[in-house]
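Good morning, and thank you for coming. I would like to take you through one structure this morning.

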Amino acid sequence: MARQPKGFRLDRIMVVAIREFRSTVFTKGFIIGAIAFPLGMFFLVALIPMLMSDHMVPITGTIVIADEDGSVATAAQAAFDRMRDEPSTLGDSARDLLTSDAAPDLDDLHVLSDVGTTVNVQVKRLSITSDLTDVRAEVQAETLLALAEIPSELLDADPSVDSVIALLVPSKTSPKTTALLSRTIRDATVIARVERTGTDLAKARALVRQPKTDAARMTREGTQASESLELRLFIPGGFMILMWIATFTSANQLCTTTIEEKSSKVIEVLLSALSPTELLAGKIVGQSFVSAIMLATYGSVGIAGLAFATMLDVVPLSAMLMFIVWFVLAYFMAAAIMVAVGSAVSDLREAQSLIGPAMSVMIIPLLVWLPISENPTGWLATVSSFIPPIGPFIMVLRTTGAMEPIPLWQIVGSLIVNGCATVVLIWLAGRVFRIGVLMQGKPPTPLELLRWARAR
Amino acid sequence: MAASEESAVQLHSVHKRFGSVDAVKDLNLSVEKGSLVGLLGPNGAGKSTAIRMIMSLIRADSGSIRVLGGDALDMKDRIGYLPEERGVYRRMRVGEFLHFMGQLKGIPRTGLKSRIEGWLERIELPGVFRSRCQELSKGMQQKVQFLAAVLHDPDLIVLDEPFSGLDPVNARVLISTVKELHQEGRTIFLSTHQMAQAQQLCERVVLINRGEKILDDTTSNVIERYSSSAIIVEPINREDASYASLASIAGVASTQLHEDGRTITLTVADSADARSIMSAALATLPCRRIELARASLDEVFIRLVTEHGGHARRSLQGVA
């Protein structure tokens, strides 16, 4: 086993850390996979709507509506005129859909994408009893936007559920145009039907409008806390997955570089210049910089996304600061495990047999994400917060998602337990590392690993 | 043996065991400051294990080791080490790798680049500063590693099989550089099983076999001592009788007829006097030539290793 000098030499540790950082970050794989790809995805998501708005095809032309008395055509013309004169009404429609309790259908979704589209549609009235052969020919010749046939039964006070509006459009019509026309005519049919009964449309709308719910939970202390699906489910999950990715990308890299140093035999050259503990410390610190870069990159994208969705206020600053603390603990625990694995084996294939059991524990946070987000103060969340190495991940789920504060004793207790576990894991990794890096041949059994850890 | 203060390396009763195999047994060794000592031995003799213990890479089971008056761990900046297992960062550029190793050895950044370039010229590797290590041949990589071991001007240079795998031209360059470093006053301790190079380079040789030291003396003494153990005789008459009469001389342990059919080698028994045997041989039959054989280190090596049970021990597994 390699022995330790009397003291650490920080300058050497930093030399190793900088090499470790540079050898990971200044590679095409890292730059493309870990930096360019997520940033590119973010900008694409942000830019595509803007690009699309510049390329929206205006919906202009004439639509023939054949109904019993022209009431549907009148209502539709009014709607199209409103879209032409007040384009923002399309946006209103989209926002209404967002806040509606009813699930949107396919046409509704198309209307959402119509925001920004120029609409200039003229309605031509025909009787439903007219001969529509010529009109159909005009649709086929693309001189008309569409032909809509409104069966009389649909305008009855008790409309037949079997009757449907027949909407005929030219073959090259975009789905978006068809959806807009379809929705407008459906709305116009309803308006015509209501007006026929002599009911005040505005009153009827007001009567059937679904009220919004403002859910709140009564806390144990008797105060009310607001309830939000996004806050309780997706944001904690996002933070936890962000931490998981940043942690394990670097920890895996640590394992890989250690195996490479062993297999390329450079390890003995390094150990002639510094102690195993200094080498281990340098490697872990170097990869922590890598992890921090990933965290900053993905985190910035996430925060920008929250800001874009005007939801930045849902995660308090204190939770973000605590997130950094939990990340540090999670990273050092994962790094200790992975560097110990890397030092104990000779190639990646052998590493898989040791990484497997470790990873089966580390994926637990992903498995319990939903139940813990559902109940961040329940027994599962509380108990698992105190189990290293998953504790930090669980605490991130809880602190970023809980509507009521996590009890202080649980935060402090989890910090102490996971902090101590981090120290113990790093110590154990150091013991395994100093022997493992010089070992060749078959990988050690768990019993041998234990013996290495206990060796003088 | 020189006093401890004069020793760059001092091993006292050092023992190391791997499983059921004694890799190094009760090894006592002293390498004087400024000397060039060769550690010889067959494969699996324990040379690399001894060197790794000296470098504090592995811990001895018992005994004491002092390097430059202390623990090798605390003297790393004063020691240059070329391990038996060669290794470089394959994707790193040569200059970058040497810069990294230089920084680890405590060389200030200022002037480090020019120092590296100077050394690359010196070991006949000009123009590789920006090449990636993986682009170099094995021999060139070995020279780069040698450079990493000596770049920081160490007081003690420990080289484990420095010439193995090198072609004669590159071996000559390294031998010449090692000689220069020795002349500059550095202590050099190298292991090898290439006897010709050891004989050419080393002031003193230590031979170990099966983990035990079986020889420790100056190279000239070893040659001298084993040279007097054989006499070459070329009788004028090539007859079987002359061969038999030489074998009957008191003090001759054995005789061996050379392939040329004319020359006979007489092996001198341990307690016998070579000069007396030479006189007796001349009196026994007329000789065209009779001389004391000059032993080579290679012959000494083979003889001693054979006498000590050969080198059939398997190489140690487990520790690199």
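Predicted model: local features only at pLDDT ≥ 70, side-chain atom pairs only at ≥ 80, totals over all residues.

Chain A has an average pLDDT of 82, and 85% of its residues score at least 70. Where in chain A is confidence lowest, and where is it highest? The lowest mean, 46, belongs to helix α4 of chain A, residues 88-99, while strand β3 of chain A, residues 146-149, stands highest at 94. The pLDDT is below 50 over residues 91-107 of chain A. Beyond near neighbours in sequence, that stretch makes 14 contacts in the model.

Let me turn to the sheet in chain A. Four strands form an open sheet with mixed pairing, in the order β2-β1-β3-β4. Its edge strands are β2(A), residues 119-127, and β4(A), residues 166-168, each of which pairs on one side only. On average, and ignoring direction, neighbouring strands of this sheet are turned by 20 degrees against each other.

In general, the strands of a sheet pair through backbone hydrogen bonds, in either a parallel or an antiparallel manner. Here, strand β1(A), residues 59-67, pairs with β2(A) in the parallel sense, over nine bridges. To locate this pairing on your screen, find A:Thr60, whose bridge partner in β2(A) is A:Asn120.

Helix α7(A), residues 175-196, lies across β1, β3 and β4 of chain A, and runs at about 40 degrees to β1(A).

Strand β10(B), residues 230-235, pairs with β13(B) in the antiparallel sense over five bridges. Within this pair, B:Ile232 stands opposite B:Glu291.

Finally, the two chains meet: 27 residues of chain B are in contact with 24 residues of chain A. On the chain B side, the elements giving two or more residues are α2(B), residues 94-104, and α4(B), residues 138-150. Of these, α2(B) gives the most, with four residues.

Thank you for your attention.

Note on methods. Residues numbered from 1 in each chain as written. Chains lettered and ligands numbered in written order. Contact = placed C-beta atoms within 7 Å. pLDDT = per-residue confidence, 0-100. Pairing = 2+ DSSP bridges. Axes fitted to C-alpha atoms, helices over the stretch in contact; angles between N-to-C directions.
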